[in-house]
Amino acid sequence: MKRLLLSLALVLAASLSALAQDIIILKNSEKIEAKIVEISSTEIAYKKADYTDGPTFRLDISEVSSIIYANGEVQAFNAEPKGQGTVSSGNEDGAGKLKFNPAPQGRKRPFGISIGYTSKQMALGPLKVSMLSEEIGKTSPALMVGFYWAPEFKYGIGIQTGLYYELAAYNGTYTDYGDYYNEVEKNYSNTEHTLSIPLRVQYRYEIIRDLSVFLYTGPSFDIHLAYLSNYGGERDDYYKGDSSLNRFQMLWGVGAGVRWKGLQLMMGGDWGLTNYYKGDAVKVNKPFFISLSYLF
C-alpha cells in the first residue's frame, strides 16, 4: 500500500512539474506561455511551454512588459509610470530593486535628411567699429538642405553633426553715379553658396516610447564656396583673387528639437566667432533657423 501511495505521489509531482510554466506578457497585452531559457540586456530567449524540446525563440526586450515565472515571481520591464527603468521583484532575501535607466528605449535613428530655412545677419563684435556700418543688421534668407547624423553613446548623450548646403540671397538697390546729373537707382542681387558642418553635443530624453525632446550646443564650421554678385548686369565672385572675405568661419550654436519616430523638428541659432571680413570686426550670425528631418 505504501509503495502504491509513493508511486502516485511521484506521478502527481511529475504532472505538476510539467504544468509549471513561465508567462511572457507583451506590451500589446499578448501572453506567451513559455519556458525562459535566457535573458540578456537586449533580448529574451524562450521555448514554447507545450514543446520544450522544440526551437528557441527570441524577443526584443523592448517588446516585453513583464514575465510571470512558474514560481510566482514577477519581473517587469520598462515601467513607464516610474520613468524609463527596469523593475525586478524581490526574492525572499530582499534583492528586488528599481533600476533607473534614462537611456531612450525607442529606435535611435542616427541618420537623416534635412531641409530648412535659416537667416544670415551681419553684426559687429562687442565695442567694435566697422567701415561697413551700412551692412550691419541686414538679414537675408537662406535655404538649407543636407544630411543629419547624430550617433548616441549612453543615456541619450551623443554628437550632432552632418553636412549642409546653404543658398543665401541678398537683394536690394543702389545708386549709379555714372552720370552726375542723372543718378539712377538700380537693382542688385547676390547669392552665396556655403557648406556648413556642425560638431555639437546633444542630449535626448525620451518622454514616451518614440517621442523625445533634445537639446544641443557646440560649434559649427562654414566653408564659403562662392559669393556671386550681379550689379547692373556685371557679375563677379567676391571670393576670387585677392578677396576681402574669409572663406572659413566658425560659429557657436544652441538649439532644441522634438522627435516623433522618424520625423524631427529642430530650431536654434548660431553666432559668429571669427570675422567674416579680413581685418574687420564684422561677423555673420544665423540668429534663427528651423529644419525638418526624416530619420532612418
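## Cavities

A search of the whole structure, which is a predicted model, finds two cavities of 30 Å³ or more, a cavity being a set of points, on a 1 Å grid over the protein atoms alone, where a 1.4 Å probe fits but cannot get out. At least two lining residues come from each of β12 (157-176), β13, β17 and β18, strands being DSSP runs of E with at least two residues, numbered from the N terminus. By class, this lining has five nonpolar, five polar and four charged residues, with Ala, Val, Leu, Ile, Met, Phe, Trp, Tyr, Cys and Pro counted as nonpolar, Asp, Glu, Lys and Arg as charged, and the others, Gly among them, as polar.

The second largest cavity, with a volume of about 40 Å³, is lined by Arg107, Arg109, Arg204, Asp210, Ser212, Arg259 and Lys261. Its lining divides into no nonpolar, one polar and six charged residues.

## Salt bridges

Seven salt bridges are counted, under the rule that a side-chain nitrogen of Lys or Arg lies within 4 Å of a carboxyl oxygen of Asp or Glu. Arg200 forms one with Asp270, the closest N and O atoms being 2.8 Å apart; because Arg200 lies in strand β13 and Asp270 in strand β17 (residues 263-272), this pair ties together parts that are 70 residues apart in sequence. Arg200 and Asp270 are both buried, that is, under 20% relative accessible area with a 1.4 Å probe and protein chains only.

Lys286 pairs with Asp222 in a salt bridge whose closest N and O atoms are 2.8 Å apart, linking strand β18 (residues 282-295) to strand β14 (residues 211-231) across 64 residues. Lys286 is buried at a relative accessible area of 3%, and Asp222 is buried at 1%. Through salt bridges that share partners, Lys120, Glu166, Glu192, Asp222 and Lys286 are joined into one network.

## Basis of the values

Residues are numbered from 1 along each chain as its sequence is written, and side-chain values use heavy atoms, with hydrogens and water left out. In this predicted model, local features need pLDDT of at least 70 and side-chain atom pairs count only at pLDDT 80 or more, whereas totals for chains, interfaces and linings use all residues.

Conventions
Helices (H or I, at least four residues) and strands (E, at least two) are DSSP runs, numbered from the N terminus. Buried means under 20% relative accessible area, exposed over 50%, partly exposed in between (1.4 Å probe, protein chains only). On a 1 Å grid over the protein atoms alone, a cavity is a set of points where a 1.4 Å probe fits but cannot get out, and a pocket is an open set with protein on both sides within 12 Å along at least five of seven lines; lining residues have an atom within 4 Å of a point. Grid points are joined across faces, edges and corners, and a volume is the space filled by probe spheres set on the points.
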